[in-house]
Amino acid sequence: MGDNLERLNANLAKMEELSKRMVAALGKKDLTTEPGMSGPGQDLYVKAGSALFNDMLTNPTKLMGQQVAYWSKAVENFIETQQALASGQFELPEDDEEAPKDKRFSNPMWRTHPYFRFVRKQYELNSDAIEQSMAELEGLTPKEKSRVEFFSRQIIDLFAPTNYLATNPDALQKAIDTDGQSLVDGLENLVRDIEANKGELLPTLSDPNAFKVGGNIGTAEGKVVFRNRMMELIQYAPKTETVHRTPLVIFPPWINKFYIMDLKPQNSLIRWIVEQGYTLFVVSWINPDASYADVGLEDYIEEGYLRAVEVAKEITGEKQVNAVGYCIAGTTLSATLALMQKRGDKSIKSATFFTTLTDFSDQGEFTVFLQDDFVEAIERQVTEKGILDSFFMSKTMSFLRSNDLVYGPAVRSYMMGEAPPAFDLLYWNGDSTNLPGRMVKQYLRHLCQANELAEGGFKILGETVSIRDIKLPVCSVGTKTDHIAPWKNCYAGFEQFGSRDKTFIMSESGHIAGIINPPSKKKYGHFLNPKVKGTADDWLEAAEFHEGSWWPVWEEWLGRRSGAQVPAREPGESGYETLADAPGTYVLVTTKG
């Protein structure tokens, strides 16, 4: 008993010291950050409030019906708990109907202990009542309603009883079992995250010390063969004696870093492509600072896309290359291809798009963040700072899946005192990049809001371009459960391309796992339909499902457009000086610290 008390007192002293550190860390928060980036504009609250008030006046019976049903269930829950406590029942029998559908409430105490059972059921009643009232709210446009429902869901998730120590049985039990050590460890984790994010709070998802880019991830062999202010171009070392004549250039998104395609040898798309006999070049984008404030999409196209293509042609001695664009880099690749078509430049032979949106008429889950209040706040922020800080992008992406990427990790880290897992994908997810101010404005206003690539034409480098201008052979890969670039939206834009030679593949899983899906895993299958015409539903109805990765199917498509075999090309043989070993230097630039 004495040892336990001594340990508890020591932990309390540590918590006092950590609390001082936390206060100091919170004091470093940048108070000039645009507040409009943290929530919707006042007009949405006014419209929602007005719609609710109007509903009360015009249809009071509906509101009373909702309230009476809620009161009845809440009182019934209270009486049930009172009766259990009065009778001395501290463990109630489990009800099959209460089997945990929500993994947050998997602990049996949420169903058998009167207190926790009451808290859970009341939370579920409150959640259902809010969701029902928002779903039945009238007088809002579809976009306004989707935003109201999204932010209501954020409030519901925030107030889940699992997020608070007093109402989380797992955290309370662990605190008891460890004499408070779990709370000390949790506070240490909390302070660490606040310090790392300069006064802001976002849980660390992966052990920051478990991985090193170029050490145990991003290890495919190659050389940086070109560098300018926008990118490093990496040429990967061949693994076959001969290669296809036409080289391949991959343009990854500059919202994240390229090594998502080279995490581990067994799931590295980069290694796999090289092993299939291709001369592979991959662009590694700069992680911009405030000096890049005036960099726009024109600069990415001229100094990134067009320059990378020219260098790959010069190194290999070929007149054409094949190209791949992933996510936002695919969107920009489509604009580049349309521009090249206008200019009569045939340097790109075929193009592939991974999870790429080109028609933004349906903005999916990002609708809530692509309205004027948020966009105007972002514009004010990047005008002031020169860049959109990577923290904002990480935070936005995380709150689209808040229970999995915010509250769940926060509970495990801060209340349970657990260390973040050594998970390479989550490590990459946290290694995000800044975005240049001018590029952000162009992308949000012209491509997302005005949808100029699909409607009316996008003005770039002296030309007005459209996805209908694209004429070369194209392939697009969407993923079934993608919440960032839904496959149906990817298909909708792709179907409008002017190409006669179009192939669409739909992979199972999501934005990352659906793409990084090596054949060796035999995990996710894919759908194929050679006819790219009509709606996405039409396409899927006629599509056939195939087991296994889509990579071999795409490689067969690519191979037919990559020419005959020639002797393998080693980086540095062409006269271009090698500047660094892969993965290069730009990828190592971090935004934290």
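Asp299 is buried, with a relative accessible area of 15%; buried means under 20%, exposed over 50% and partly exposed in between, using a 1.4 Å probe and protein chains only. The side chain of Asp299 meets that of Arg229 in a salt bridge, 3.2 Å from N to O. A salt bridge here is a side-chain nitrogen of Lys or Arg within 4 Å of a carboxyl oxygen of Asp or Glu. This pair links distant parts of the chain, 70 residues apart: Asp299 in helix 10 (residues 297-316) and Arg229 in the loop between strand 1 and strand 2. Arg229 counts as partly exposed, at 38% relative accessibility.

Before going on, note that this is a predicted model, in which local features need pLDDT of at least 70, side-chain atom pairs count only at pLDDT 80 or more, and totals for chains, interfaces and linings use all residues. Residues are numbered from 1 along each chain as its sequence is written, and side-chain values use heavy atoms, with hydrogens and water left out.

## The chain as a whole

The protein chain has 19 helices and 17 strands; these are DSSP runs numbered from the N terminus, with helices (H or I) of at least four residues and strands (E) of at least two. Of its 593 residues, 54% count as buried. Among contacts between residues at least 6 apart in sequence, 80% join residues at least 24 apart, where contact means heavy atoms within 4.5 Å.

A search of the whole structure finds 26 salt bridges. One of them joins Lys239 and Glu221, whose closest N and O atoms are 3.5 Å apart. Lys239 is partly exposed, with a relative accessible area of 45%, and Glu221 also counts as partly exposed, at 49%. Glu556 and Arg560 form a salt bridge too, with 3.6 Å between the closest N and O atoms. Arg560 counts as exposed, at 57% relative accessibility.

## Aromatic rings

How many aromatic pairs does the structure hold? There are 27. Rings of Phe, Tyr and Trp (its six-membered ring) pair if their centres lie within 6.5 Å; planes under 30 degrees apart count as stacked, over 60 as edge-to-face and the rest as tilted. The rings of Trp254 and Trp285 have centres 5.2 Å apart and planes at 75°, so they are edge-to-face. Trp254 lies in the loop between strand 4 (248-251) and helix 9 (269-275), while Trp285 lies in strand 5 (residues 280-285), 31 residues apart. Both Trp254 and Trp285 are buried.

Phe360 and Tyr443 form another edge-to-face pair, 6.0 Å centre to centre with 85° between the planes. Phe360 and Tyr443 are both buried as well. Elsewhere, one aromatic cluster is formed by Phe353, Trp487, Tyr491, Phe494, Phe497, Phe504 and Trp539.

## Asn489 and its neighbours

Let's visit helix 17 (residues 487-494), where Asn489 sits. Asn489 counts as buried, at 9% relative accessibility. A polar atom of its side chain lies 2.9 Å from the backbone oxygen of Asp362. Leaving out residues up to four places away in sequence, Asn489 touches Leu357, Asp359, Asp362 and Gly364.

## An exposed ring

Is Phe159 buried or exposed? Phe159 is exposed, with a relative accessible area of 53%, and its place is in the loop between helix 6 (142-158) and helix 7 (169-177).

Methods:
A polar contact is a pair of N or O atoms within 3.5 Å; within protein, one must be able to donate a hydrogen and the other to accept it, and residues adjacent in sequence count only if both atoms are side-chain atoms.
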